[in-house]
Amino acid sequence: MMTSKLTILAAGVAAVFAATAARAVDYETAHIDERHAMYLDPSGKTQMFTVNEKGHAMMMKNARALAAGAIIYRSGGKLFVLEDKKMANGKMMFADMQSWTEDRLLVGAAGR
């Protein structure tokens, strides 16, 4: 009887850790906090890191701000930036971006 209780307890603890890890991954993929950076190398790999004072000064001196609402896209070994803009039909380009993908991260994202 004791073994089955320990098994149930271990399964519960594992489920809590798995749920916490999943939330952490979702947060990491959905947010870049202040003074955090994402480096995209030519192969498409990313590294996220926190920028110190020296790095912040370099960024502010040399970096170019993206427009509010931008997509970074990789194709053919190149990186592209797509910025939201008003289309000929009067709608914003990203208003229909849910139709571009089946990705679960975009469910309910349109209009944010």
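Tutor: Let us begin with the surface, where Leu66, Ile72, Leu79 and Val81 make a nonpolar patch of about 330 Å². This is a predicted model, in which local features need pLDDT of at least 70 and side-chain atom pairs count only at pLDDT 80 or more, while totals for chains, interfaces and linings use all residues. Residues are numbered from 1 along each chain as its sequence is written, and side-chain values use heavy atoms, with hydrogens and water left out.

Student: Why is Leu66 called partly exposed?

Tutor: Buried means under 20% relative accessible area, exposed means over 50%, and partly exposed lies in between (1.4 Å probe, protein chains only). Leu66 has 40% relative accessibility, so it counts as partly exposed.

Student: What makes Arg35 partly exposed?

Tutor: Its relative accessible area is 33%, and therefore Arg35 falls in the partly exposed class. Arg35, in the loop between helix H1 (2-30) and S1, also has a positive phi of about 60 degrees although it is not a glycine. Most residues other than glycine have a negative phi.

Student: How do you know that Asp41 has no salt bridge?

Tutor: A salt bridge needs a side-chain nitrogen of Lys or Arg within 4 Å of a carboxyl oxygen of Asp or Glu. For the buried Asp41, the nearest side chain of opposite charge, Lys45, is 5.6 Å away.

Student: What makes S1 and S2 a pair?

Tutor: Two strands pair if DSSP finds at least two bridges between them, and S1 and S2 have five, in the antiparallel sense. Leu40 stands opposite Thr46 in S2.

Notes:
Lys, Arg positive; Asp, Glu negative; His and termini not counted. Helix = DSSP H or I, 4+ residues; strand = E, 2+ residues; numbered from the N terminus. Patch = residues over 30% accessible without salt bridge, like charges linked within 9 Å, V, L, I, M, F, W, Y side chains within 5 Å. Areas by Shrake-Rupley, 256 points an atom, 1.4 Å probe, with all protein chains shown as cover.
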